[in-house]
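Here is a short briefing for a first look. Keep the model in view while you read.

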Amino acid sequence: MEQAERIAIDGPAGAGKSTVGERLARCLGYLYIDTGAMYRALTWLALQRGLDPHDGEALGRLAREASIVIGYPHIDDGRQYTVTVNGEDVTWAIRSPEVTRTVSLVSSHPEVRRVLIEAQRALARAGRVVMVGRDIGAVVLPDAELKIYLTASLEERGRRRYAELLERLGHDHPALPSFEEVLADIRRRDEIDRDNMQPAPDAIVIETDHLSVAQVLERICHMRGKR
Ligand SMILES: Nc1ncnc2c1ncn2[C@@H]1O[C@H](COP(=O)(O)OP(=O)(O)OP(=O)(O)O)[C@@H](O)[C@H]1O
Ligand SMILES: Nc1ccn([C@@H]2O[C@H](COP(=O)(O)O)[C@@H](O)[C@H]2O)c(=O)n1
């Protein structure tokens, strides 16, 4: 039985792509690539430079010029990987509320997508990968051997993201958003992302509302074994 070499995991915000993707990659010894981090890194740079997030042409130029690198974590502070932009470590900066608010608009421009999709394909050519995002199975790696589309209800995804922020920031942190704000942000991003978020026709859809991370992983390993 042939084993998958490129595993695509797509789905909306908070569906569990990064958690599941990173564990799966670690367990298989595959390279793990979170494409959302690339869009976030570009957005961080655009905000630093004061670029208009509506200006697709300028953002496409910035994407071509910027050096966005996702590498080994090196620092033990809970990160899955280290993201640098032109040599600067932006691993946590790309998770800021400002980047999260702006990233879907920046990602919606074809000029931006063209550049980052090409960079993602180049990364996948390096070897066996688990790549997570919105359009991996349908657009970036349409010939991936295994395509998974994770879903969960909006409320469940909001609960997960809020619990994560609470754990990372603590109850009293001034930057901790309310549960309603987290939910509103996910709903808004779902809407903007919709066009780039369709499951590939041959993706296996896993509804995760009532599944633990371990159960999701178990299902994916089972599907992989059947190929
Ligand atoms: N099946 C699950 N059951 C419960 N919690 C989960 C499950 N999958 C993921 N989580 C938790 O939900 C939160 C969001 O998961 P994760 O960051 O992996 O989502 P994501 O799909 O990568 O989201 P985004 O696209 O916004 O980065 C994390 O805190 C994670 O631990
Ligand atoms: N393949 C992808 C991945 C991400 N995006 C956009 O980036 C945003 C942030 O992604 P996270 O996974 O870190 O939440 C996401 O909301 C999309 O707008 C994308 O377009 N394509």
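**Loop residues**

His 74 sits in the loop between S3 and S4. Strands (E, at least two residues) and helices (H or I, at least four) are DSSP runs, numbered from the N terminus. This is a predicted model: local features need pLDDT of at least 70, side-chain atom pairs count only at pLDDT 80 or more, and totals for chains, interfaces and linings use all residues. Residues are numbered from 1 along each chain as its sequence is written, while chains are lettered from A and ligands numbered from 1 in the order in which they are written.

- His 74 is not a glycine, yet its phi is positive, near 60°.
- His 74 is exposed, with 11 other C-beta atoms within 10 Å.
- Asn 86 lies in the loop between S4 and S5. Its phi is also positive, about 50°, and Asn 86 is not a glycine.
- Asn 86 is partly exposed, with 13 C-beta neighbours inside 10 Å.
- The cut-offs are 20 or more other C-beta atoms within 10 Å for buried, 12 or fewer for exposed, and in between for partly exposed; C-beta atoms are placed from the backbone.

**The sheet**

- Three strands make an open antiparallel sheet, in the order S3-S4-S5.
- S3 (68–71) and S5 (88–89) are the edges; each has a single partner strand, so one side of each lacks a neighbour in the sheet.
- S3 pairs with S4 (residues 82–85) over four bridges; pairing takes at least two bridges found by DSSP.
- Ile 70 stands opposite Val 83 in S4.

**Around ligand 1**

- Ligand 1 is surrounded by 17 residues, the closest being Gly 16, Ser 18, Thr 19, Arg 160 and Glu 164. A residue is near if its C-beta atom, placed from the backbone, lies within 6 Å.
- H1 (17–28), H7 (154–169) and H9 (213–226) each supply at least two shell residues.
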